[in-house]
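Please open the structure in a viewer and keep the selection tool at hand.

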Amino acid sequence: MPGAGDVRMPCGRWRYCGRAHCAHAVYCADLAAHGAAGRARPQTKEGAPVSLDGGPQEKTVRKKPLALPADVVYLYDGSMTGLYACVHESVYSRQLPVAICLEAEAQPTLFETRLIAADPEKAEKVEASISAKMGREAHELVRRVFFTCLADKELAILRFLLLGYREGPKTPWLFAHPEVKPLLDADKHMMGEVHLLKGFVRFSDYDGVLAAAISPKNFVLPFLAPHFAARYSGERFLIFDKTHRAALVYEDGRPRILPLEGIQFPQADEAEKGYRALWKQFYRTISIEARENPRLRMTNMPKRYWENMLELQELL
């Protein structure tokens with residue numbers, strides 16, 4: 001029975017306290033919006049609800065997934081073109097693979113394996129569909145996440161795109177969705193690392209060429225290139241990524257990212273040694289001993305970066 005605190009709904013029924021978000025309350029809000037306050041909800045002979053215009057109400061149809069789980073592993077060449085070709089294969093075969101692995105790193109498995117060739121035509125079609133159906137934000141997110149250290153990032157990107165083809169432009173804004181949140185977290189982690197490395201890279205001068213080494217978790221060179229190319233536009237420089245065995249080379253006004261297994265920097269000359277000593281002295285001089293906070297320093301300057309920072313190497 002309704003109590004003293006209950007409210008009469010536009011359809012004539014009572015809304016009980018604590019049930020304001022029930023489906024019945026939503027229906028009553030629709031009645032009020034259409035100027036139908038006080039009108040009871042009509043029923044069909046079978047007892048099914050009808051729409052506000054008097055016709056049978058359409059049932060909410062659950063969208064079918066574009067791909068269903070399948071016992072297959074996709075192998076690709078590690079390129080963005082190859083990944084887009086995997087997306088094309090998944091959509092048109094209506095199969096969601098167990099995993100998407102690099103062909104060069106594939107392990108023996110009991111699942112069926114399928115080698116997906118990097119087809120530029122298919123990749124171009126998929127890339128165009130991302131912007132068309134999900135918007136520029138989704139396209140940029142996918143492009144950035146491809147360079148992150150997210151585990152099984154290829155499969156995560158595929159799941160995100162399959163969701164995006166169903167949900168449309170709102171997909172990047174579904175922050176709590178299990179297919180979206182991992183990509184957003186990975187993107188945030190990588191861009192945070194990019195931001196830190198813009199200030200943590202330490203160059204040395206080797207006969208007119210500036211060189212530095214970094215050890216990032218994510219493949220950040222494509223995102224560091226515009227910053228350092230603009231900052232040192234008149235210089236020649238090299239940034240070697242120890243983790244991913246690649247180097248950002250800037251020469252003649254053009255940045256390039258090249259695969260590089262390793263590099264041996266030459267011995268520093270006397271002038272370079274003098275600049276290194278001056279930098280260490282500057283770092284010690286501006287430090288206020290009474291306000292030293294090692295824990296805060298490690299928060300703002302994580303210890304994993306110290307091996308490539310001249311002023312902190314001696315603290316390791």
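The structure holds 14 aromatic pairs, where rings of Phe, Tyr and Trp (its six-membered ring) pair if their centres lie within 6.5 Å. Select Tyr232 and Phe237, an edge-to-face pair (planes over 60 degrees apart) with 6.2 Å centre to centre and 70° between the planes. This is a predicted model, in which local features need pLDDT of at least 70 and side-chain atom pairs count only at pLDDT 80 or more, while totals for chains, interfaces and linings use all residues. Residues are numbered from 1 along each chain as its sequence is written, and side-chain values use heavy atoms, with hydrogens and water left out.

Now select helix H7, residues 221-231 (helices are DSSP runs of H or I, at least four residues; strands are runs of E, at least two; both are numbered from the N terminus). Its buried residues are Leu221, Phe223, Leu224, Ala225, Phe228 and Ala229. These pack against helices H4 (136-145) and H6 (181-200), and against strands E9 (209-214), E10 (237-241), E11 (246-251) and E12 (254-259).

Finally, display the whole protein, with its 9 helices and 12 strands. Buried residues make up 34% of its 316 residues.

Note on methods
Buried means under 20% relative accessible area, exposed over 50%, partly exposed in between (1.4 Å probe, protein chains only). Contact means heavy atoms within 4.5 Å. Rings of Phe, Tyr and Trp (its six-membered ring) pair if their centres lie within 6.5 Å; planes under 30 degrees apart count as stacked, over 60 as edge-to-face and the rest as tilted.
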